[in-house]
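Keep your viewer open and try each task before reading on.

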Amino acid sequence: MPDRLITYNSKAFFVEVKRPGGKPRALQKATVAQIRATGMKVYCISTKAQVDELTNLMRSGIIPEERHFDRI
């Protein structure tokens, strides 16, 4: 499972946190693919700036595309 589950405005999102330059393991990639296949969003972030950007976008009512944060 990804590291975090975020709920906001009756929606749920998953977040995988990696250190800068960190790479997900094969099992993490497979798990993310399974979750995404259900239509749920999974974001992969690695910096505080990305956390801030994701939360600011969501507070503005914008659900960003996963590829914007994707490191998987």
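Rings of Phe, Tyr and Trp (its six-membered ring) count as a pair if their centres lie within 6.5 Å; planes under 30 degrees apart are stacked, those over 60 are edge-to-face, and the rest are tilted. The model is predicted, so local features need pLDDT of at least 70 and side-chain atom pairs count only at pLDDT 80 or more, while totals for chains, interfaces and linings use all residues. Residues are numbered from 1 along each chain as its sequence is written, and side-chain values use heavy atoms, with hydrogens and water left out.

**Exercise 1. Find the aromatic pairs and say which residues they link into a cluster.**

Step 1. A search of the whole structure gives 2 aromatic pairs.

Step 2. Take Phe13 and Tyr43: their ring centres are 6.2 Å apart and their planes meet at 40°, so this pair is tilted. Phe13 belongs to strand S2 and Tyr43 to strand S3, so the pair ties together parts 30 residues apart in sequence. Strands (E, at least two residues) and helices (H or I, at least four) are DSSP runs, numbered from the N terminus.

Step 3. Now take Tyr43 and Phe69: with centres 5.8 Å apart and planes at 85°, the pair is edge-to-face. Here Tyr43 in S3 is linked to Phe69 in the segment after H2, 26 residues away.

Step 4. Put together, the ring pairs join Phe13, Tyr43 and Phe69 into a cluster.

**Exercise 2. Is Phe69 buried or exposed, and what does Phe69 touch?**

Step 1. Buried means under 20% relative accessible area, exposed over 50%, and partly exposed in between (1.4 Å probe, protein chains only). Phe69 has a relative accessible area of 1%, so Phe69 is buried. Tyr43 is buried too, at 0%.

Step 2. Leaving out residues up to four places away in sequence, Phe69 touches Tyr43, Cys44, Ile45, Gln50, Glu53, Leu54, Leu57 and Pro64; contact means heavy atoms within 4.5 Å.

Step 3. Next, look at the largest nonpolar core, whose 7 residues are Phe13, Val15, Tyr43, Ile45, Leu54, Met58 and Phe69. Strand S2 (11-17), strand S3 (41-45) and helix H2 (48-59) each supply at least two residues of this core. Such a core is a set of buried Ala, Val, Leu, Ile, Met, Phe, Trp, Tyr and Cys residues joined through side-chain atoms within 4.5 Å.

**Exercise 3. In what order do the 3 strands form the sheet?**

Step 1. The open sheet has the order S1-S2-S3, with mixed pairing; two strands pair if DSSP finds at least two bridges between them.

Step 2. Strand S1 (4-8) and S3 are at the edges with a single partner strand each, so one side of each has no neighbour in the sheet.

Step 3. S2 and S3 pair in the parallel sense over 5 bridges. Phe13 has Lys41 in S3 as its bridge partner, and Glu16 stands opposite Cys44 in S3.

Step 4. H2 packs on the sheet, touching S1, S2 and S3, and its direction makes about 145° with that of S3. Axes are lines fitted to C-alpha atoms, for helices over the stretch in contact, and angles run from 0 to 180 degrees between N-to-C directions. As for cover, 4 of the 5 residues of S3 are buried.
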